[in-house]
Amino acid sequence: MSSSEVQPIPAARPVIGEEEIEAAVRVMRTGRVVQGPEVAAFEEGFAELVAGRHCVAVNSGTSALHLLLLALGIGPGDEVIVPSFSFAASANAVRLVGADVVFADIEPGTFGLDPAAVEAAITPRTAAIMPVHLYGNPASMDKLMPIADKHKLAVVEDACQAHAASLHGTPVGAFGSGGTFSFYPTKNMHSLEGGMISTGDAEIARTLRLLRNQGMEQRYANEIVGANMRLTDVAAAVGRVQLGKLAGWTERRRANAAYLDEHITAPGVVTPPVAEGAYHVYHQYTVRITGDRDAAMAKLTEAGVGNAVYYPTPIHRLRPFWEPDQKAGRDWDLPETERAAAEVVSLPVHPSLSEGELERIATAVNELGENL
């Protein structure tokens, strides 16, 4: 079967339906389009996903990470422990506040920070740990939080891919000092573009609101140095519509993942494990290819099955991080990170998949056979 004979199955299908369009138009007709009632309502609604914590909407997931670090007082002289197996934004945010990134290795199952590696990476300068709930799979927060408490460290959860994920009943974004979420169009829900910060601390929440709005709560009454990282009411209106659909979409993603778990049987393809007590929301359905990954991906593409590698180059090997570390004499030993970057492939799992498309995905993977 060639991709020219069938409609290719995309790796993701962002949803912008009539409800989203109508919500955006409704807000634009009011003329109240920036930092207004829609944003406040979106924050209130999203709080239900994070155990009622304070929520502060901003213009992107990266801004969410950046502002949360600032609000926690993290800056020059501090170190933040971050997984190298993530999108660059995780480490970029640390650099943007002037702190140093310390990379720690990951667990092979969760793709999240390895608690033992975190413990080994702590120094007198360590100010925070940044667990990343990669692919929608919660990191081992039950083991990371005691380490943070023992060393009195802030915990900044990068939950940008994990809306509604949880571990032992606690939602991601409700464990640490604060959590961050992205509403980019390919995420499990979106607001065209945007981000959200959750925190259990009212003072931190107020600081975040100041930071996103030029340091002002009241117009021209600047209290601190801030920036313009506001979310528009148009984006918030879209986000509110998507938030109402998230639970159904999440169950569909989980059902799609369960189908793939059951039907993918090819040797050399390892389906994603899920830890006991973890509620995985499958932003990505990420398998490991233990043979020739490039050849496997080419065959999947030929069969019309979208696929991608997230992420082919660990952050510590990206030029903005590799060059300064080389000059400083740092050489990170991250074997599980390197192995994951060499083996992972993400397959379609989005809620728009039909039963026939799921069958095609499983069949294409199984046809890879033993000669990967």
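Guide: A pocket here is an open set of grid points where a 1.4 Å probe fits, with protein on both sides within 12 Å along at least five of seven lines. A residue lines the pocket if one of its atoms lies within 4 Å of a point. Keep in mind that this is a predicted model.

Now to the pocket itself. The largest pocket holds about 660 Å³ of space. Its lining counts 37 residues. Nearest its centre lie Ser182, Tyr184, Thr186, Lys187 and His283. Three helices, α3 (61–71), α4 (89–96) and α8 (233–263), are the elements that give two or more residues to this lining.

Take Lys187 from that central group. Lys187 sits in the loop between β8 (178–182) and β9 (195–199). Lys187 is buried, yet it has no salt bridge. A salt bridge needs a side-chain nitrogen of Lys or Arg within 4 Å of a carboxyl oxygen of Asp or Glu. The nearest side chain of opposite charge belongs to Glu193, and it is 7.4 Å away.

What does Lys187 touch, leaving aside its neighbours within four places in sequence? Its contacts are Cys160, Gln161, His163, Ser182, Arg253 and His283.

One more stop concerns aromatic rings. Phe42, Phe46, Phe181 and Phe183 form one aromatic cluster.

Methods:
Residues are numbered from 1 along each chain as its sequence is written. This is a predicted model: local features need pLDDT of at least 70, side-chain atom pairs count only at pLDDT 80 or more; totals for chains, interfaces and linings use all residues. Side-chain values use heavy atoms; hydrogens and water are left out. Helices (H or I, at least four residues) and strands (E, at least two) are DSSP runs, numbered from the N terminus. Buried means under 20% relative accessible area, exposed over 50%, partly exposed in between (1.4 Å probe, protein chains only). Lys and Arg count as positive and Asp and Glu as negative; His and the chain ends are not counted. Contact means heavy atoms within 4.5 Å. Rings of Phe, Tyr and Trp (its six-membered ring) pair if their centres lie within 6.5 Å; planes under 30 degrees apart count as stacked, over 60 as edge-to-face and the rest as tilted. On a 1 Å grid over the protein atoms alone, a cavity is a set of points where a 1.4 Å probe fits but cannot get out, and a pocket is an open set with protein on both sides within 12 Å along at least five of seven lines; lining residues have an atom within 4 Å of a point. Grid points are joined across faces, edges and corners, and a volume is the space filled by probe spheres set on the points.
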